[in-house]
Amino acid sequence: MPMIRAFSKVAKDLFRTKGCGCEPLIVSVRSITFSPRQVTTDASFHSVSFSETDHPKVLITGGLGQLGVGLAKLLRKRFGKNNVILSDIRKPSSDVYHSGPFIYSDILDYKNLREIVVNNRITWLVHYSALLSAVGEANVSLARDVNITGLHNILDISAEHGLRLFVPSTIGAFGPTSPRNPTPDLCIQRPRTIYGVSKVHAELMGEYYHHRYGLDFRCLRYPGIISADSQPGGGTTDYAVQIFHDAVKSGKFVCNLRPDTRLPMMFIDDCLRATLEVLEAPAESLSMRTYNINAMSFTPEELTKEVQKQLPDLQVTYEIDPVRQAIADSWPMNFDDHNARKDWGWKHDYDLPELVQTMFNFIGSESRLAHAN
Ligand SMILES: NC(=O)c1ccc[n+]([C@@H]2O[C@H](COP(=O)([O-])OP(=O)(O)OC[C@H]3O[C@@H](n4cnc5c(N)ncnc54)[C@H](O)[C@@H]3O)[C@@H](O)[C@H]2O)c1
């Protein structure tokens, strides 16, 4: 274990539990004997290390997956191209490489991560690296390393450098004993996948670091995310992206979930906007650190009907993948996100008909482009 040091700047309110009506627990700085590793004596534990007029300097880990490139685009529009750094262990496409700063970063390499944060004066960290549900079940030990050990590195670095840290969680952080229709923010969480277990761990560790060290931890539980221009990374909700591509390409789709499997879903633009909004929300508006967010909820059968309004000849058959089906059967059917709506004004834009229309508009324009070239 690296050397343990006492914090020098633990503020009074670090131990105040918002809304509990208790007096803040004041703990003498010297009495704190446990801290994240390598905390420097002048570390600030408040996230706003840039002035009001400055933009944050953002690092996105695991940025080449389904969500990272889109988020970088949104954040760069808001904060400037050079203020948002994408990182991953994969090689970026030429488009991505030329669209803004990219750095190689393995989240299991603590020293390298630290160097990136210091050298680039990072103030916000969006931690997207993860192995998703189906991929995680196929490689539990790697999922444990990336999703749990990697998170520990991120938490320590964020606490050490006073970063605002966003970590996404998921509908997969719930399990068969959670209420499923709807699933509230606070309820029993006993997931049965390594992905779900690691995400509950992330929620709890982030909240612990917030209360213990004042880390500005923010977390949204995303539903299944549907995107047009990026491929899903091996989750249980991937079918809801694949159906559009197969429908256009071959007019046929083989679905790996039962037709009546109801899951919460969201269009990527809503997901990325929610992420920016919660990152920008004033700390006093957040009564919690981990929020459900939702947009719609549908089954493969309902999605097929909506898709067939555009492509009536689409044929859908079902070949159930028992691993994905078991995962889906243990997940929420509907997500209760009233706390996000109340606290920081969350509101989704896309319901199922708009989602389907937008996906076809995008895929249609892509294939027209491909034919033209
Ligand atoms: N996409 C969804 O439907 C969805 C839903 C809920 C939550 N989430 C969460 O959002 C985040 C992003 O999801 P996504 O769909 O873009 O995931 P993805 O699987 O598409 O991408 C994850 C990225 O992490 C990278 N990665 C893997 N190991 C790494 C390592 N050791 N160091 C650095 N990077 C590494 C991969 O190369 C990949 O590019 C994840 O944390 C995921 O759990 C996604």
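Trainee: What covers the buried residues of α6?

Mentor: The cover includes α4 (133-138), α5, β5 (164-166), β6 (169-170) and β7 (216-222). Covering rests on contact (C-beta atoms, placed from the backbone, within 7 Å). Helices (H or I, at least four residues) and strands (E, at least two) are DSSP runs, numbered from the N terminus. This is a predicted model: local features need pLDDT of at least 70, side-chain atom pairs count only at pLDDT 80 or more, and totals for chains, interfaces and linings use all residues. Residues are numbered from 1 along each chain as its sequence is written.

Trainee: Which residues of α6 are buried?

Mentor: An α-helix has 3.6 residues a turn, so residues three or four places apart point the same way. In α6 the buried set (20 or more other C-beta atoms within 10 Å) runs Ile194, Tyr195, Gly196, Val197, Ser198, Lys199, Ala202, Gly206, Tyr209, His210 and Tyr213.

Trainee: How many residues does α6 have, and what follows α6?

Mentor: Helix α6 (residues 194-213) has 20 residues. From first C-alpha to last, α6 reaches 27 Å, close to the 28 Å expected at 1.5 Å a residue. Next comes Gly214, with a positive phi near 80°.

Trainee: How many bridges join β10 to β12?

Mentor: Three, between antiparallel strands; β10 spans residues 263-267. Look at Met265: Met296 in β12 stands opposite.

Notes
Pairing = 2+ DSSP bridges. Expected span 1.5 Å × (residues − 1). Buried ≥ 20, exposed ≤ 12 C-beta atoms within 10 Å, placed from the backbone. Contact = placed C-beta atoms within 7 Å.
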